[in-house]
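Dear colleague,

I am passing on the structure below, followed by an account of what was found in it. Please read the notes alongside the model.

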Amino acid sequence: MADLLRKEFKLALHPTAIIFLALSAMMLIPNYPYYVIFFYTGLAVFFICLSARENNDVVFSMMLPTEKGEIVKARILMAVLLETAQLVIAVPFAVIRQNMDMPGNQAGMDANISLFGLSLIMLGIFNYSFFRAYYKDIKKVGTAFVKASTLVFVYMAIAETCDHAVPFFKNVLDTPDPMYITHKLIVLAVGIAVFVVLTLAVCRKAAESFEGSDIQM
Amino acid sequence: MSSFNSEPASVLDVRGLYKKYPAFELKDVSFSLERGKITGFIGRNGAGKSTTLNSLFNFVHPDSGDIEFFGENFSDSEFDIKKRVGFVAGGIDYYKNKKIKTITAVTKRFYESWDDAAYKSYINEFAIDEEKTPGQLSAGMKVKYALALALSHNAELLIMDEPTSGLDPVSRDELLDDFMALCDRGITILFSTHITSDLDKCADDIIYIQNGKIIAETGMDSFVDSFRLLKMDEEPSEGGWVTGHARGIKRMRKGYTVLLGTEDAESPDASANGTIEKADLEDIMIHLEKGGRNNG
């Protein structure tokens, strides 16, 4: 797996993935729907898979002493590492935003712990939806991205609507840290759990469907 | 972990491979490869060469059939088998814009048996510039780079899908020379081609596939020797001796040529209809593909 992961970063990684990581700094924008920042990693994953298709990555990988399921796991692990990096890099910017001498985010959820928990759920949904569709037919990477990004935007719309319409979101979750810290840490824990469960589930299902598919060259 | 202690004479055994597509079908494809020989896998475009080769490495899943490398079932020992086999599928069309040295650096980590000195030696021998990308290499150099990669992990069996396709005659000849040199060192080679002169030059054995079915698996010389060409001035008559025994009939600018089995060609009926000549592989392939009917 370490060798396959190395292959992912040395050959398959699209340069925009690194550039998008820097967009975690958008957390400094005073009023902005911060969920969008984490969607950029999804876009990077799409570019990686698109570029992999154009570079016949699967043919190259299949000729190496690997198993098909391992190829799938390495790609998903790379996506998880990029997503984690995007979240971790965003943390100091979120702290800076919280300490700015101005009101909280007027465009949506504040840059707080809840945002990270809810964003992890969003990334879990992206991973499940994208990789499930992608590994059914790796030629149709655009279809997989349309499905996944549609779900993500619906999730974002619901989350931001809740922020305005649901008192618990508005009064408890959308507050500066460390207010309601217990509630927020629970949301973060749920976010991590959902992300892990959905990503592990898609790892298994995608490996199964890829294992059974014919590779057309 | 599988054990490869006992070495069977056959390095690859394929038995009863079936694969059905809406417009094409592999039917009971069976063959085996003898250690240290060059085997040409021949057939016209669309005959099933690539589908068969892609089935060997699990790119395509056969509906049924058994594939054994070195006496081990592929699905049970995929990881170990891939370490001993160099598979070149459809040319080197991957990562065209990455430097050769980067691709090599990634590849070599997958093989415990990687031999850096051998790799450097092949890179020098084939005059491959590691600073270049596959996109900057000629078709011939791409195949040679694939060979260098396979040989540097001490592959015992090389399987290549149309490696000579798109090569100029000189590059093709050089590549075939390389194949023969590798064969002398005990490496087994299976390569598909529709260029019959490739096989005339270097193949020990031949596997002929037609419409998804293997119609011959034999030594190259005995295959060629099992046919003769009958040259006739007139079109063979319907229901006559010639059309009854023809394996293929082809119209020429002057007259007709008829492919006959060697035994039939020795009959007085054959010599009564024209002159008998030896057939080469191209004659055999063209006539077999045309069949017994006159297709002009």
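**Chain A and its partner**

Among contacts in chain A between residues at least 6 apart in sequence, 81% join residues at least 24 apart, two residues being in contact if their C-beta atoms, placed from the backbone, lie within 7 Å. This is a predicted model, in which local features need pLDDT of at least 70 and side-chain atom pairs count only at pLDDT 80 or more, while totals for chains, interfaces and linings use all residues. Residues are numbered from 1 along each chain as its sequence is written, and chains are lettered from A and ligands numbered from 1 in the order in which they are written.

Chain A has nine helices and zero strands, where helices (H or I, at least four residues) and strands (E, at least two) are DSSP runs, numbered from the N terminus. The C-alpha atoms of chain A fill a box of roughly 55 × 30 × 25 Å along the principal axes.

Within chain A, Thr16(A), Ala17(A) and Phe20(A) of H2(A) meet residues of H3(A), including Tyr40(A), Leu43(A) and Phe47(A). By class, this contact of H2(A) with H3(A) has seven nonpolar, two polar and no charged residues, with Ala, Val, Leu, Ile, Met, Phe, Trp, Tyr, Cys and Pro counted as nonpolar, Asp, Glu, Lys and Arg as charged, and the others, Gly among them, as polar.

Turning to the two chains, 24 residues of chain B are in contact with 20 residues of chain A. On the side of chain B that touches chain A, H2(B) gives the most, with four residues, and the residues of that side divide into eleven nonpolar, six polar and seven charged.

Best regards
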